[in-house]
Amino acid sequence: MLMQTHDARLKALREELKRRDLDGFVVPISDEHMSEYVGDYAQRLQWLTGFGGSAGFAAVTLTHAAIFVDGRYTVQVREQVDESLFDYRSIPGDKLGEWFGEVCADGARIAYDPWLHTARWVDALEREVKGRGIEIVAASSNPIDAVWADRPEPSGAQALIHTEDLAGQSSAEKRGEVAEWLTKEGLDAVVVPALDSVAWLLNIRGSDVAHTPVALSYVIAHADGTAELFMAPEKVTPELTQHLGNAVTIRDRDAFEVALGAMEGKQVSVDPDFGVAAIAQTLRRGGAEVSLRRDPTILAKAIKNPAEISGHRDAQARDGAAVARFLRWLEETAPSGEVDELGAAAKLLEFRRAHGDLRDTSFDTISAAAGHGALPHYRVDEDSNIPIPPGSIYLVDSGGQYPTGTTDITRTVWIDTPEGSEPTAEMKDRFTRVLKGHIQIDRAVFPQGTSGGQIDALARQYLWEAGVDYGHGTGHGVGSFLGVHEGPQRIAKPGGGQAGTAQELHAGMILSNEPGYYKPGAFGIRIENLVLTVEKEIDGAEGRYLGFEPLTFVPIDRRLIAKELLMPAEIAWLDAYHARVRELLAPQLEGEDRDWVERETRPL
């Protein structure tokens, strides 16, 4: 029945394309803000194809259809999308323009929704189809919306105030800094399209998107320090109006496009990564000069102030206690073989809720048993759910959204059998090499000006010595009660289209530290803490040097460690880390939970 439904939806889309005299259409996972997570109203790809991953797109013509995903979703796409309807294509290897060239006749008109793609994406597609007799056109409205009869409405939830004691800086101060940047750059205004940037700039939050506490809105900030907030009227409360003050004009979200078209003669900055193509197109049609530059809030948002750092430590402390209680429960319960992946994820959520003030998870929990652990971005559902086998490795990657901060932690643990069992030598070897790389990142010291791409190899060196590697980045930025994946900083292999790897690291930036190893069909290993970038005091240092401090404090499973592979300095690091875990968590816990933490954090 499911596949027949998607067949009918595909046929309805093709009929709509014919009605519009179009030969094809591109369907991304995206919204008007280029968000990582999107509201239900924007889940067009899932509605059309059944694919539930967080990255990918489909291309549909009158006779062919394909779905394009990267290596993270190779298994998932085959489980969720009917291959009789959509060909499976891999990115970045398969190019969209080349596929259109293969399946389209000369003169084909391929449409895209300019509110769901950046201008950079449009330019790239036009280059790919150049000389193939294909025309790329902007759709006047999204044809999916015309055939999606029960499409949800965008969330009407009221926007929330993020108080200054948590934000650490008033919105007026932030807008003043943006105004200074505009004046320095000779610009009149900047469009702020990313939802987390709007939230940070105005000290507001919301509940319109799962996992990210943002409110659907746009901002146009001006060089005089004023701003216009475009938000649906039902989301605006008197308290919000008072919080924003007279310098922020609140307008209906539907007035945004009109406002863009009324900026004739203005020099307007638009972010090339978060500003959709329609924004620049509308500005230019209205006579504005468009300057494609990074949104000035992005770097400022990434460098946390003392109040945000203090809040994050608070969030990590309560989150760590919840995760520790979960791991003790898992150690006690899972050897029975009666705990499955969904049940474990639900229990972890229960513990997080019990520790207070949890507003949401920061992403869908990766609860991965046995071979599922080898899929770095595995997402358990009713169809994929399996019991956690005793005598195996279990990986859990999860996080919480608290008003004081956003958390993200991965722990890999051994699930014992009732009669007792040991991990294999290979498991211990790989786990210890991952741990050694994790320690190298945590202990790294580097000069100001160093980028994440320049330190990535520190995490991989011991895996490389064994002839193995992992296919994802080592670290991503994290927001302050905002996105769990926040730029611009990133620790990953430089080049290869890895955004953020050239970004200089600054004191105050929060990143994840998460090397891993994955043996297909067998097990996966990842150890993830969040770390704070800090200035290092070094006697005789010639210049400014930085390093990291851990923010996440939860025991690391000693049963998976091959102690003989650790150097004395690494053992000292682990013992010191576990002493800090004990100091932070034990006072929050009682009884068996406290005893477990004290046992798991004794010196190696």
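Student: Not counting residues up to four places away in sequence, which residues does V38 touch?

Tutor: The model is a predicted one. V38 lies in the loop between β1 (24-28) and α2 (44-49). Its relative accessible area is 8%, and buried means under 20%, so V38 counts as buried. With residues up to four places away in sequence left out, V38 touches S30, D31, Q43 and V209.

Student: How far apart in space are V38 and V209, C-alpha to C-alpha?

Tutor: V209 is one of the residues that V38 touches. In sequence the two are 171 residues apart. In space, C-alpha to C-alpha, the separation of V38 and V209 is 5.8 Å.

Student: Which side chain makes a polar contact with the side chain of K174, and at what distance?

Tutor: The side chain of K174 also reaches a backbone atom, the oxygen of W200, at 2.8 Å. Both W200 and N203 are among the residues in contact with K174 beyond its neighbours within four places in sequence. The polar contact between side chains joins K174 to N203, at 2.6 Å.

Student: What is the phi of N203?

Tutor: N203 is located in the loop between α9 (195-202) and β9 (204-205). Its relative accessibility is 2%, so it counts as buried. Most residues other than glycine have a negative phi. N203, a residue other than glycine, has a positive phi near 55°.

Student: Is M34 buried or partly exposed?

Tutor: M34 is placed in the loop between β1 and α2, and its phi is positive, near 55°. Buried means under 20% relative accessible area and exposed means over 50%. Because its relative accessibility is 25%, M34 counts as partly exposed.

Student: How far apart are the end C-alpha atoms of helix α14?

Tutor: N305 caps the N-terminal end of α14, with a side-chain oxygen 3.1 Å from the backbone nitrogen of A307. The helix covers residues 306-333, which makes 28 residues. At 1.5 Å a residue, α14 should span 40 Å, and this agrees with the distance between its end C-alpha atoms, 40 Å.

Student: Which residue of β18 is the bridge partner of D360?

Tutor: β15 and β18 (residues 400-402) pair in the antiparallel sense over two bridges. In β18, the bridge partner of D360 is Q401.

Student: Which residue in the hairpin of β25 and β26 takes a positive phi near 75°?

Tutor: Strands β25 (residues 516-519) and β26 (residues 523-526) run antiparallel and are joined by four bridges. Y518 stands opposite G524 of β26. The hairpin has three residues between its strands, and the residue with the positive phi near 75° is G521.

Terms used: Residues are numbered from 1 along each chain as its sequence is written. This is a predicted model: local features need pLDDT of at least 70, side-chain atom pairs count only at pLDDT 80 or more; totals for chains, interfaces and linings use all residues. Side-chain values use heavy atoms; hydrogens and water are left out. Two strands pair if DSSP finds at least two bridges between them. The expected span of a helix is 1.5 Å times one less than its number of residues. A polar contact is a pair of N or O atoms within 3.5 Å; within protein, one must be able to donate a hydrogen and the other to accept it, and residues adjacent in sequence count only if both atoms are side-chain atoms. Contact means heavy atoms within 4.5 Å. Buried means under 20% relative accessible area, exposed over 50%, partly exposed in between (1.4 Å probe, protein chains only).
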